[in-house]
Amino acid sequence: MNQKVLSLKSVKKQYKAGHPIFEGVSMEFQPGDSVGLVGPNGSGKTTFLKLLSVNTFPTEGMITYGGVDIHQHPHEYLAHVGLVHDEESLPRHLSATELLEWVLRARKRWDRSSEALISGILDNLNLGDARFDQIGTYSTGMRKKTQIASAMIAEPSVYILDEPFRGLDEQSREMALELFSDVIRKGAIFLMASHAKDEVTTLFDRVLEFPL
């Protein structure tokens, strides 16, 4: 994995006149950091993650990865990022296996071991024969499993996860926890917003309380 630092420098985000969602935020995330984002709905957790996943721009300040402005060079940055968005925006016409193949090919990671890799991660997340059906037919939990698998399949250096356990059964949640723990041990930067703080406290080195 890349040993690059993700850094926020005097970041402010404001959507309309009045109080900003947050301002003057400066912090760094080092390889191997695992950070939990906690706070009530509307406190800024999702906005913070959207900034880090280049889904919105800072009103002021800069976010860099390896010293490079992620909003000026999004494709370069996102090639190293695995995302789970709360919106569950997935291509409805693809199956889970097709989506994971697309991710690997897009990141130039497809090789003779890829089919087994895809099968293994979907087995770990308990996504059965539905992996060959169109995602548009999936339940909420099945879509969440597919999101997690697509975020992890290319072994990114940065994980940005918004409520990844929503809709998962207990067994699948435990398997996802094991997978997340493994990538943290391998040195990924891991950022996760979750209402299940008490259940996943062991994942986090530190917690960001929102509002910041």
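**Pocket lining**

Four elements each supply at least two residues to the lining of the largest pocket: α2 (74–78), β6, α3 (96–106) and α5. The model is a predicted one. The volume of this pocket is about 640 Å³. Its lining counts 20 residues. Closest to the pocket centre are Val81, Leu83, Trp102, Val103 and Arg107.

**The sheet**

Strand β6 also belongs to an open sheet of 5 strands. The order is β6-β7-β8-β3-β9, and the pairing is parallel. From one strand to the next, the twist averages 15°.

Take the pairing of β3 with β8. Strand β3 covers residues 34–38 and strand β8 residues 189–193. The two run parallel and are joined by 4 bridges. Opposite Gly36 stands Met192 in β8.

**Helices on the sheet**

Two helices meet these strands. Helix α5 lies across β6 and β7 (158–162). Helix α6 packs on the sheet and touches β3, β7 and β8. The table gives each helix with its angle to one strand.

| Helix | Residues | Reference strand | Angle |
|---|---|---|---|
| α5 | 140–152 | β6 | about 170° |
| α6 | 170–185 | β8 | about 145° |

**Aromatic contacts**

Across the whole structure, a search finds 6 aromatic pairs. How are the rings of Tyr159 and Phe190 arranged? Their centres are 6.1 Å apart and their planes meet at 40°, so the pair counts as tilted. Tilted pairs fall between the stacked limit, under 30 degrees, and the edge-to-face limit, over 60.

Which strands hold the two residues? Tyr159 sits in strand β7 and Phe190 in strand β8, so the pair ties together parts that are 31 residues apart in sequence.

Are the two residues buried or exposed? Tyr159 is buried, because its relative accessible area is 0%. Phe190 is buried too, with a relative accessible area of 0%. The cut-off for buried is under 20%.

Tyr159 and Phe190 are also members of one aromatic cluster, together with Phe165 and Phe180.

Definitions and conventions
Residues are numbered from 1 along each chain as its sequence is written. This is a predicted model: local features need pLDDT of at least 70, side-chain atom pairs count only at pLDDT 80 or more; totals for chains, interfaces and linings use all residues. Side-chain values use heavy atoms; hydrogens and water are left out. Two strands pair if DSSP finds at least two bridges between them. Axes are lines fitted to C-alpha atoms, for helices over the stretch in contact, and angles run from 0 to 180 degrees between N-to-C directions. Contact means heavy atoms within 4.5 Å. Rings of Phe, Tyr and Trp (its six-membered ring) pair if their centres lie within 6.5 Å; planes under 30 degrees apart count as stacked, over 60 as edge-to-face and the rest as tilted. Buried means under 20% relative accessible area, exposed over 50%, partly exposed in between (1.4 Å probe, protein chains only). On a 1 Å grid over the protein atoms alone, a cavity is a set of points where a 1.4 Å probe fits but cannot get out, and a pocket is an open set with protein on both sides within 12 Å along at least five of seven lines; lining residues have an atom within 4 Å of a point. Grid points are joined across faces, edges and corners, and a volume is the space filled by probe spheres set on the points.
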